[in-house]
Amino acid sequence: MKQVVQNYKSGELTVLDVPVPGCKPGGVLVRSAFSLISTGTELMKVSEAGMSMLGKARSRPDQVAKVMQSVATNGLPATYSKVMGKLDSYTPLGYSLCGVVEQVGSGIDDVKVGDLVACAGNEHALHAELNWVPKNLYSRVPDGLEPRHAAFGTVGSIAMQGVRQGEPQLGEVALVIGLGLIGQLVVQLLAASGVRVVGVDPDPARCELAERLGAEACGDPESAAVEAAVAELTGGHGVDQVYLAAGGGSNQPVELAARLARDRGRVVDIGKCRLDLPWNAYYEKELDVRFSRSYGPGRYDPAYELEGRDYPIGYVRWTERRNLACFLDLLSRGSVDVEPLISHIADFDDAVETYRRLKDGDLKAVAVLFRYPDGDAGEAVAPAVAVPTVKRTGGATSTQARAAGKPVRLAFVGAGNYATSMLLPHLAGREGVELSTVVTTTALSAANAQRKFGFTEATTDLDAVLDDRSIDAVFVVTRHSSHAELTQRALLAGKAVFVEKPLALTEDELAGVLAAVEKSGNDRLQVGFNRRFAPLLQEARQRFGARTGPASLRYLVNAGRLQHGSWYLQQGTEGSRFAGEGGHFIDTASWLLGADPVSVYAVATAGADDLQVVLRYPDGSTATISYVTTGAPGFPKETLDLVADGKVLRLDDFVRASVHGGKRWVSSRLPKARDKGQNAELAAFVKAVRTGGPMPVPLESLVATTAATLAVPAGLAAGVPVTLAGAR
């Protein structure tokens, strides 16, 4: 299928052939009929992509702050690689469309194949021939409503949410500053609510259009006519609400709002304009400044948008889906008219030229639609936790070696940030390795990975990959909740498997993986516990030497706060943060101590944000992992001390290491990139697949580490140590 994409680094805009997205549970696959260009938001994004790197940085100071924090935590080389990789990727455009349901995922019963729906979301309602859309981001189009009009659903919801934030009442007067696409819709919604509207825009044509659509008067922001109209309509008191629907770097809109608003009036920011509020003016009138967050309640909440969890109507009357349905209803009843806003309808194949004309000013438009092929056709108390025993029906721990000169063929399931920044750069171009197929549920991420890393094929069809006998190994680099299931399927298909941590989120999932090993006799499994492969830690362990007595190990993980919206916060589906990351640290401790833990004791601060996990080992050694989120951002992320036999090994965030004992050893004082072992781990895995030799880490150890990680919540609930029954 085809999709409009842009490379943010180079500014290149193109229509790309990408795989068809899969139809996942909880959503529908929609074939686009019309999609709407947001002439404000999208053109701003297109313009930013054409800037120099300095210009991009100046336009997004919030992203610069994140980059600087990453440098402090992960080092400059790793941050540079990650940022450049993200910039040099195709990103999608679009977020408002109408199309026909082509396939219905499990759990969906409110629409059927052939229904016409309006769709929302900058990850789901893209300028693409096909989109997968989750339940709360689509709404069925009322009978008789034209598809090209229904394509305005998302921007209509944005305007509607802004109006709701203003709380207009019958007979009030409102000022709308900025009469672009959103502003024109705000004007109509206010007029339909019984509010008298004055509009402001420097473009006379837009002012004339707004007056035709319901505004009492409109004019240039410098025009005395605007102030006169406000004075006449309000008896000199000023407007009840001001809606900021303008963009750009001028502070004129907020200054004009203060001048024309009444005492204790409301100012609602819908667009993205400069907000240097003149303190005296806003203070003296005690103006109420409000922000309107996109389409409405539910926006940016993964539980609502991706998992389909609705908010009870008694508590949240207008969610983003209800706003979408409401706007479609207003369109169908003629209360809002979007036909006059349509300046141009372009064939989807002409998308790149259309954007160019808009950017260069050759095409002056309020709203532009893309028409897709056949688009008009729609015009319609914790017990002991058992460590599962590993059983192999075939008893084999190795496979046949590859034929001399024949490359190891790899497939990737998932191509997110970690895969593209930490794994694939080490595999692309590696001698004896062929990147065969990349599989993702979103078409564009597969196409990006294929372009950047040289995969032979990109697809959304996992079954085809598992059935391909020429593929030797499958990398599972997806969301945590899918790791166990995908690992089982790949093992049963006879593939060697590299799965990113965690291997499983529950004891049942872990048991399922081991059942797949027993059933297939295939134990060719590696979990992405990479720290034991880090060169600096390997050398420090060698320098420390053998030990005779029990050891004490302390591992401080300064994890830091998660950013709002991080999928790590989706604990209901993706497990706790420690469930996702903790295996790294348990595996490292067990490797350094040369054994698997026999018990786990865990305590936490209120809210379980900061954890103390104490592991006990067969020889009496202990390891304490302090996993904290409340530390200073500038402090190193990982520090480790191992004490035994009069010796101390210290690791400082994979940059420096030292061993103190009879002889003192300190690693180089020159700053180095943090090498956490991914390259060496991948080399060991590929070698095992190529030669048929044992996997880099014994399966029993992977299982023990996973069981210990899963024992942490059981220990927190019980308040006592949890015995790992059956641990060696």
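These legends describe close-up views of a predicted model.

**View 1. Phenylalanine 412 and phenylalanine 455 pair edge-to-face.**
A search of the whole structure finds 14 aromatic pairs. In this one, phenylalanine 412 and phenylalanine 455 stand 6.0 Å apart, centre to centre, with 70° between the planes. The angle is over 60 degrees, so the pair counts as edge-to-face. Phenylalanine 412 belongs to strand 20 (residues 408-413). Phenylalanine 455 sits in the loop between helix 16 (443-453) and strand 22 (457-459). The pair therefore ties together parts that are 43 residues apart in sequence. Phenylalanine 412 is buried, at 0% relative accessibility. Phenylalanine 455 is buried too, at 4%.

**View 2. Phenylalanine 585 and tyrosine 627 form a tilted pair.**
The ring centres of phenylalanine 585 and tyrosine 627 are 6.1 Å apart. Their planes meet at 40°, so the pair is tilted. Phenylalanine 585 comes from helix 22, and tyrosine 627 from strand 29 (residues 622-628). This contact links parts that are 42 residues apart in sequence. Both partners are under the 20% cut-off for buried: phenylalanine 585 has a relative accessible area of 1%, and tyrosine 627 has 2%.

**View 3. Five phenylalanines form one aromatic cluster.**
The members are Phe412, Phe455, Phe475, Phe498 and Phe685. Phe412 and Phe455 are also the edge-to-face pair of View 1.

**View 4. Two arginines lie over aromatic rings.**
The charged end of arginine 317 sits over the ring of tryptophan 318. The distance to the ring centre is 4.0 Å. Arginine 451 lies over the face of tyrosine 90. Here the distance to the ring centre is 4.5 Å.

**View 5. The largest cavity holds about 60 Å³ of space.**
Its lining consists of Pro502, Leu503, Ala504, Phe529, Ala579, Gly580, Gly583, Thr705, Thr706 and Thr709. By class, the lining of the largest cavity has 5 nonpolar and 5 polar residues. It has no charged residues.

**View 6. The second largest cavity has a volume of about 40 Å³.**
Ala120, Asn136, Leu137, Ser157, Tyr295, Glu320, Arg321 and Leu324 line this cavity. Helix 13 (residues 320-332) gives the largest share of the lining, with 3 residues. By class, the lining of the second largest cavity has 4 nonpolar, 2 polar and 2 charged residues.

**View 7. The side chain of asparagine 7 reaches the backbone of serine 10.**
Asparagine 7 lies in strand 1 (residues 2-7). It is buried, with a relative accessible area of 2%. Its side chain reaches the backbone nitrogen of serine 10 at 2.9 Å.

**View 8. Helix 15 carries several buried residues and is followed by a glycine.**
Helix 15 spans residues 417-427. Within it, Ala419, Ser421, Leu423, Leu424 and Leu427 are buried. Glycine 429 follows the helix. The phi of glycine 429 is positive, near 80°.

Key: Residues numbered from 1 in each chain as written. Heavy atoms only, no water. Buried < 20%, exposed > 50% of the residue type's maximum accessible area, 1.4 Å probe, protein only. Helix = DSSP H or I, 4+ residues; strand = E, 2+ residues; numbered from the N terminus. Polar contact = N/O pair within 3.5 Å; in protein donor to acceptor, adjacent residues only side chain to side chain. 1 Å grid on protein atoms, 1.4 Å probe; cavity = no way out; pocket = protein on both sides within 12 Å on 5 of 7 lines; lining within 4 Å. Points joined across faces, edges and corners; volume = space filled by probe spheres on them. Nonpolar A, V, L, I, M, F, W, Y, C, P; charged D, E, K, R; others polar. Phe/Tyr/Trp six-rings, centres within 6.5 Å; stacked < 30°, edge-to-face > 60°. Lys NZ or Arg CZ within 6 Å of the ring centre and 35° of its normal.
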